[in-house]
Amino acid sequence: MATHDIPLEPLSADNDEPTRRDVLLIAAGGCAIVGGAAALWPLLDQMNPDASTLSLATTEVDISHVEPGQALTVMWRGKPIFIRHRTDQEIAKAKDTPLDDLIDPLARNANLPENAPASDDNRAAKDREPWLVMVGVCTHLGCIPKGQAVGDYKGEYGGWFCPCHGSQYDTAGRVRIGPAPENLAIPPYSFLSDEKIKIG
Amino acid sequence: MNSSSLVLMAAGALLLALTGPSAAEDDSGTPPNNNHAPEIARQSWSFTPPFGTYDNAQLQRGFQVYKEVCANCHSMRLLSYRNLGEPGGPEFAPKAVEVLASQVQVTDGPNEKGEMFQRPARPSDRFRSPFANEQLARLANNGALPPDLSVIAKARPGGADYIYALLTGYRPAPQGFAPAEGMHYNAAFPGHQIAMAPPLSDGVVVYTDGTKPIVGNYARDVSAFLMWAAEPKLEERYTLGARVMIFLIVFLAIMYLAKRAVWARVHHGNEALHLETARAVPAQDEKATR
Amino acid sequence: MAHPSSYQPNTGIERWLDARLPIVRVVHDQFMVFPTPRNLNYWWTFGGILTFMLAVQIATGVVLAMHFVPTESGAFDSVEKIMRDVNWGWLLRYAHSVGASMFFLAVYIHTFRGLYYGSYKAPREVLWILGVLILMLMIATAFMGYSLPWGQMSFWAVTVITNLFSSLDAVIPGLGTRLVQWIWGGFAVGGPTLNRLYSLHYLFPFLIAGVVALHIWALHIPGNNNPTGIDVKVPTDTVPFHPYYTIKDGFALVAFILVFAALVFYAPNFLGHPDNYIPANPLQTPTHIVPEWYFLPFYAILRAIPNKLLGVAALNGSILILFFVPWLDTSKVRSTRYRPVYRWFFWAFVVTCVALGYLGAQQPEGWYLVLGRIFTAYYFAFFLVVMPVVGLIEKPRGLPGSITEPVLGPEAVRAAPATPRRLKPEQVG
C-alpha cells in the first residue's frame, strides 16, 4: 500500500488522456482569466466621471456688465473660463501678429475644424471680434495664468502670464513664450443673445 | 460525499430557508408580524426578474401622474430631469427632457448682485421639491410630512405592490372604525389611518395614449414609475446578470470536468485507497451502527 | 508533513531571489506541493472561499470609499449617488452588501465544519483561536459597515448596539455612560459617530487580512485536519495541494460565486431591510428593528435575558466561549463521525443556532420569548456541559485502523507508530 503513487505532476505524468485533461485545465484557466479581467473593469471604470458630472456640461453666463478692457472668469466643468472684452488696441495687436511668429500655429478652437490656423479671427468669437472666450488653464502643467484682474501683470504681449513656469500669452490667448506648447483652448460656446453666452 | 456532509448541507439549507425570509420581509411582501400591516396583494409587473424590463410608455404615464398629482406634496430629491431620458427608464427623447425640465422654475444663484434668482430648470437639475424645507411641508399638510418618493418603492415592504395597494386602498371606514380628525381610512396602510387624502380620482390626469384614465391605471403606472425611480439600473442589472450567469454556469461545468479529470487518478488509481479500506478494519462499520 | 523543501531554483535569477527573499520557495512548499489529506470533502473548500470573499469585500470597499461621504447629511445621498450615477456603482454596492452576507454564510459553514470534525483539538488550538478572532473582527466590521448608508436601520442599529456598553453602569455607576459618550463623540449617535465608524470600517478588514495570514500559518504547522479526524502518517495519506485542491477549491468557489451572483443580480435587497432606504431619523425608531440575518442568533440571546447587564454578558459570552472550545471538549477523537452520542448533541446545537436566528427576527414576547430562553440555555449548555461530559462518558466508534491517533489513547493503537509530522517554524518562513 505504501508503494502506490499519487503523481505530483498529474499533467505530465498521466498518459491516459493527456489531451482532454489539458484542454479542460486550459479552458478552466482561461475562464478564470476572462472572468477576473471582466470583474476588474468595473473597479477601474468607476473612477471615470460619473453621470452627474457628465451632465453638468453647460454654463450660461451674463456678460452685459463686462466693459471693454475688463474680463470675467466663470466655472465650466470645474475649470475657469476666461471671458475677455478686448479693447480695439488689443484686437489690433493680435491681428498684426504674423502667424509665423507663433509657437502654436493652430487655433485650438473647439468650434472650428482641428486644423484651423491661429489667426485672431479664428480665436475671437464669431462675428463678435471683441470677445475672447477661453479655458483659463495653462497648456503647460495646468496652472491658472494671471491677467484677468485689472492690476495683474499680463506679460510682454499684454495677454496672460502664467506664474508657475513663466509662459506668456498674447491678447488672443496664443502662447508666445514657452514652456507651454499650445494656445489656450477655446471651449464649445455660443452667444444666446448679445448679453448671454452658453458654454458647453 | 458522505452522509454526514449531506446532513450538514441540509442544515445549511435549512438555516437559509429559516433565516432568509424572516429577515427579508421586503421581497416576500409579508408584513412584519408586529405592526399588523394588512396583506398586500401581488400585482403582475413588467419588471419582475430575471428577464423583466420597464414599460417605457407606462413609466412616461407614471411620471405624468407624479408630475400632475404627487409632486404637489411629494419631493423626489434624488432624481434629476436627465434621468427621464436615460436608458432603462421612461426614455423620453432628449428634446422632450429639455422641455419637461424647462417647464419648471428652479432657484439658482447667488448672482453677481448676491441674490438668488429663478430660472427654467435644465436636465442636469434635480427634481424641484414642492416645499423648501420639512417645516413648510408639515405646515402645509396638517402636520404630516409627505415622504420623499425617490426610493420609496424600496423603502416599504411590498414595494410597488404596496404603493399600488395603498393608492387603490381608500374605502369608507368599516363599522366601528372611526379615523381621527383629518385622517383617512386606507385598507393597505399599517394602522389603516393615513393623513394623505385620496390623491387619485378617475379622469384627474389626462392620458394621451389611449390608456383608460381611471384610478387603477394611474396607481399602476405611478407605482411602476416609482419602482424605476428607486431602482433605475434594474434593466442593466438583469441584462448583465444573464450574461454573468451563463458565463458562470459554463465555467462551473468546465471546473467540474477539470476537477474530475485531475482527481480521476486518485479515485481510480487507488482502489485500495488507504482510508476507505481502513474503515472496514474496526469491529463496527459506520453504517452498521445506524 | 515535515517534508524538507522540494523547491529547486533553476535559473540564476531564481537562485538570486531565493537567497534574499525565498518567497517562491514558500509558495512552492506551502501552496503547491503542500501535503494535504486526500479525503477532504467539500466542507473544506470554505477556507478558500472565505479568502476570496475577503478580497472581494476589500476590493469593492476601497472603490466605494472613493464615492462615499461620511457625514450625516451626505452619507445616504452619496450611497444613492453610487447607485445611480457612478459607473457600475450599483454593481459595486450590491456586491459589497450581498458580499457581507455571503461572507458570513461561508464563515458560519467553516466554523460548523471545524466544530463537527474537531478541527480545534490539539494541535490546532491556536488555529481555532485565530479563527474565532477573525469571526469577532468580522462581526465588528460588518456592524460598522452596516451603519454607513445612514438609513433608519443603520442609525438605530448603531444606537442599540453602542448602548450595550451603557450596561457597565451597573458595574460602576457612570462608567457605561461615559464610555458610550466617548464612542459616540456626543450625547447621541450622530455625525462624529458615523465618521469614526467609517474610519474603523476601512481599517478592520486589513486587520482581518493580517489575522488570516496567521490563521493560514497556524494551519500549515500541523497541516489540515480531515473528515476522519485522524492524523496523517504516511505519504500516501496526502496529495499535493496543487493541482488537487486548487482545482477542487476552485470548483467549489465558482459554485459559490454562482449563488453570490444570483443574489447580486436578481435579489440584491432580499437579505436587507426596507427601512434602511429611509434616511436616518433620530426622532423616530422603526417599529420593528432587526439586525442583519447573520446577527440574529446573537440578538436572540441578548433578548432572552431580562437583565440588561446579564443580557450583554450573555451576548459577549456566546462568542467568547468559542475561544475555550479546545479545552472544553474532552473527547479523545476529533471527528464527530465517530462519536455516536455527541453527534446528536451536535445536530441539536445546529438546530439551536438556526432556531435562535429565527427567533431573533420575531418579537420577544409570549412563546417566542420562552423558546428563546430554552435555546439560549442549550447554546451555553452545549459548550459548558455537553462538550466536557459527553467526551468523558462516550465510547467512540472504532476509528480507521491503520493510522494511530495520538489523542485517542493506547486502546486504539493498532498500526505503526506515528511519525513526527510538524513542520519546523523556519520551514514556513
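1. A salt bridge is taken here as a side-chain nitrogen of Lys or Arg within 4 Å of a carboxyl oxygen of Asp or Glu, and a search of the whole structure on that basis finds 30 of them over all chains. The model is predicted, so that local features need pLDDT of at least 70 and side-chain atom pairs count only at pLDDT 80 or more, whereas totals for chains, interfaces and linings use all residues. Residues are numbered from 1 along each chain as its sequence is written, chains are lettered from A in the order in which they are written, and side-chain values use heavy atoms, with hydrogens and water left out.

2. In chain B, B:Asp209 forms a salt bridge with B:Arg61, the closest N and O atoms being 2.8 Å apart. This pair links distant parts of the chain, 148 residues apart, with B:Asp209 in the loop between strand E4 (193-194) and helix H8 (215-230) and B:Arg61 in helix H3 (residues 56-68); helices (H or I, at least four residues) and strands (E, at least two) are DSSP runs, numbered from the N terminus. B:Asp209 is partly exposed at 42% relative accessibility, while B:Arg61, at 12%, is buried (buried means under 20% relative accessible area, exposed over 50%, and partly exposed in between, with a 1.4 Å probe and protein chains only).

3. In chain A, the side chains of A:Lys126 and A:Asp127 meet in a salt bridge at 4.0 Å, N to O, and both A:Lys126 and A:Asp127 are exposed. A network of salt bridges links A:Arg86, A:Lys95, A:Asp120, A:Asp121 and A:Glu129.

4. Contact (heavy atoms within 4.5 Å) between chain C and chain A takes 22 residues from chain C and 19 residues from chain A. The area buried between them is about 1,600 Å², of which carbon and sulfur atoms give 66%; buried area is the accessible area (1.4 Å probe) that two parts lose on being put together, summed over both. The count of salt bridges between these chains is 1, formed by C:Lys81 and A:Asp50, whose closest N and O atoms are 3.2 Å apart.

5. A nonpolar core is a set of buried Ala, Val, Leu, Ile, Met, Phe, Trp, Tyr and Cys residues joined through side-chain atoms within 4.5 Å. The largest has 193 residues, and those with the most contacts inside it are B:Leu84, C:Phe104 and C:Phe383. A second, separate core of 27 residues includes A:Leu132, A:Met134, A:Ala180 and A:Leu184.
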